[in-house]
Amino acid sequence: MKKAATTKKSKSGSNERKGGGSAAQLIDARIKELSDRRGRTLARVRTLIKQADPEVIKEWKWRGVPVWSHAGIICTGESYKNVVKLTFAKGASLDDPSGLFNSSLEGNTRRAIDIHEGDNIDEKALQALVRAAVALNTSSAAQRRRKTP
């Protein structure tokens with residue numbers, strides 16, 4: 001029976017899986033492994049997220065899902081056969097004036113953006129969503145700290 005992979009927090013803030021490397025290295029490996037438009041899309045999204053929030057923390061969770069966090073999860077970047085899916089953990093609480101959210105619209109918490117082959121990414125709108133998610137996470141974290149005696 002295989003042992004579950006464990007992660008530990010490194011000094012840089014990214015998670016490292018024992019024997020597997022840092023989250024950044026694992027995300028790089030996933031992009032290389034995909035070696036098609038999904039890999040290019042995931043690489044572009046990663047760059048846009050980092051530009052929108054230079055303090056973002058890259059994580060590798062749930063058996064191979066890239067996760068970007070700042071005071072809580074911003075979004076995940078799953079890759080499927082026909083789509084790259086960015087799932088925003090608190091997407092239902094975010095304003096989306098550009099209408100990027102096109103998946104998981106029925107829930108009360110999450111919202112997702114499915115990026116199909118041929119889709120153009122509205123880079124400014126995506127970065128605005130990332131910044132809004134960070135603002136929501138940091139305001140929620142500040143409220144939790146104030147409530148703790």
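Biologist: In β6, which residue is the bridge partner of V67?

Modeller: In this predicted model, local features need pLDDT of at least 70 and side-chain atom pairs count only at pLDDT 80 or more, whereas totals for chains, interfaces and linings use all residues. Residues are numbered from 1 along each chain as its sequence is written, and side-chain values use heavy atoms, leaving out hydrogens and water. Strands (DSSP runs of E, at least two residues; helices are runs of H or I, at least four, both numbered from the N terminus) count as paired if DSSP finds at least two bridges between them. Strands β5 (residues 65-69) and β6 (residues 73-79) pair in the antiparallel sense over three bridges, and the β6 partner of V67 is T76.

Biologist: What does the twist average from one strand to the next?

Modeller: The sheet is open, with five strands in the antiparallel order β4-β5-β6-β7-β8. Because β4 (57-61) and β8 (111-116) each have a single partner strand, they stand at the edges, and one side of each is left without a neighbour in the sheet. From one strand to the next, the twist averages 20°.

Biologist: What angle does the direction of α1 make with that of β4?

Modeller: Helix α1 (residues 23-34) packs on the sheet and touches β4, β5 and β6, where contact means heavy atoms within 4.5 Å. Axes are lines fitted to C-alpha atoms, for helices over the stretch in contact, and angles between N-to-C directions run from 0 to 180 degrees. With the direction of β4, that of α1 makes about 65°.

Biologist: And what angle does the direction of α2 make with that of β7?

Modeller: Helix α2 (residues 37-52) also packs on the sheet, where its contacts are with β5, β6, β7 (83-88) and β8. Between the directions of α2 and β7 the angle is about 30°.

Biologist: Within what arc do the buried residues of α1 fall, seen down its axis?

Modeller: Buried means under 20% relative accessible area, exposed over 50% and partly exposed in between, with a 1.4 Å probe and protein chains only. In α1 the buried residues are A23, L26, I27, R30, I31 and L34. They line one face of the helix, because the directions from its axis to their C-beta atoms fall within an arc of 140°.

Biologist: How many residues of β7 are buried?

Modeller: Both faces of β7 are covered, with V83, K85 and T87 buried on one side and V84, L86 and F88 on the other. Strand β7 is therefore largely enclosed by the rest of the structure, its buried residues numbering six of the six.

Biologist: Which residue in β8 stands opposite T87?

Modeller: On one side, β7 forms a hairpin with β6, with three residues between them, and these two strands pair in the antiparallel sense over five bridges. Strands β7 and β8 are likewise antiparallel, over six bridges, and there T87 stands opposite A112.
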